[in-house]
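Biologist: Could you take a close look at one part for me, the salt bridges, and walk me through them step by step?

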Amino acid sequence: MTRRPGVFRRPGTAAHRAAVEHALATGTVLRLHYADAAGRSSERLVEPAGLLTAGGHWYLIAWCRTRRAGRGFRLDRITGADPTPEPAGPHDLAALLRGSAAAGARPPAALGALDVLDGH
């Protein structure tokens, strides 16, 4: 594989976190290469909304264009992060968390605290 500048391919590296933080700061779409808990790899185009920590892990919460739903991505399972210049749409972090939980994903423990903070 030819390595391009700005493309990071080692699992859970500081470079991945930097790419995620850059996409959050600039409001741009991020192309993720991700391994789920079973080790299955996928490529996703995501619109980052925020970072949270739960259960000792950091998560990127984003609108996943591939799945057309809010999703949480454990940072230590990101195997590649390709920045794009494409602008991401605005997304409400709490709404994405609720949507992810409603779609059958295991809700992070932090979700309950968000319900209290925003009055739901």
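Modeller: Happy to! Let's start with glutamate 86, which is partly exposed at 35% relative accessibility (buried means under 20% relative accessible area, exposed over 50%, and partly exposed in between, using a 1.4 Å probe and protein chains only). Before going on, note that this is a predicted model, where local features need pLDDT of at least 70, side-chain atom pairs count only at pLDDT 80 or more, and totals for chains, interfaces and linings use all residues. Residues are numbered from 1 along each chain as its sequence is written, and side-chain values use heavy atoms, leaving out hydrogens and water. The pLDDT is the predictor's confidence in each residue, from 0 to 100.

Glutamate 86 has a partner, arginine 65: they form a salt bridge whose closest N and O atoms are 2.9 Å apart. A salt bridge here is a side-chain nitrogen of Lys or Arg within 4 Å of a carboxyl oxygen of Asp or Glu. Glutamate 86 sits in strand β5 and arginine 65 in the loop between β3 and β4, so the pair ties together parts 21 residues apart in sequence. Strands (E, at least two residues) are DSSP runs, numbered from the N terminus. Arginine 65 is partly exposed too, at 28%. Through shared partners, Glu47, Arg65 and Glu86 are joined into one network of salt bridges.

The whole structure holds six salt bridges. Another of them links arginine 31 and glutamate 43, with closest N and O atoms 3.0 Å apart. Arginine 31 belongs to strand β1 and glutamate 43 to strand β2, so this pair connects parts 12 residues apart in sequence.

Note on methods: Helices (H or I, at least four residues) and strands (E, at least two) are DSSP runs, numbered from the N terminus.
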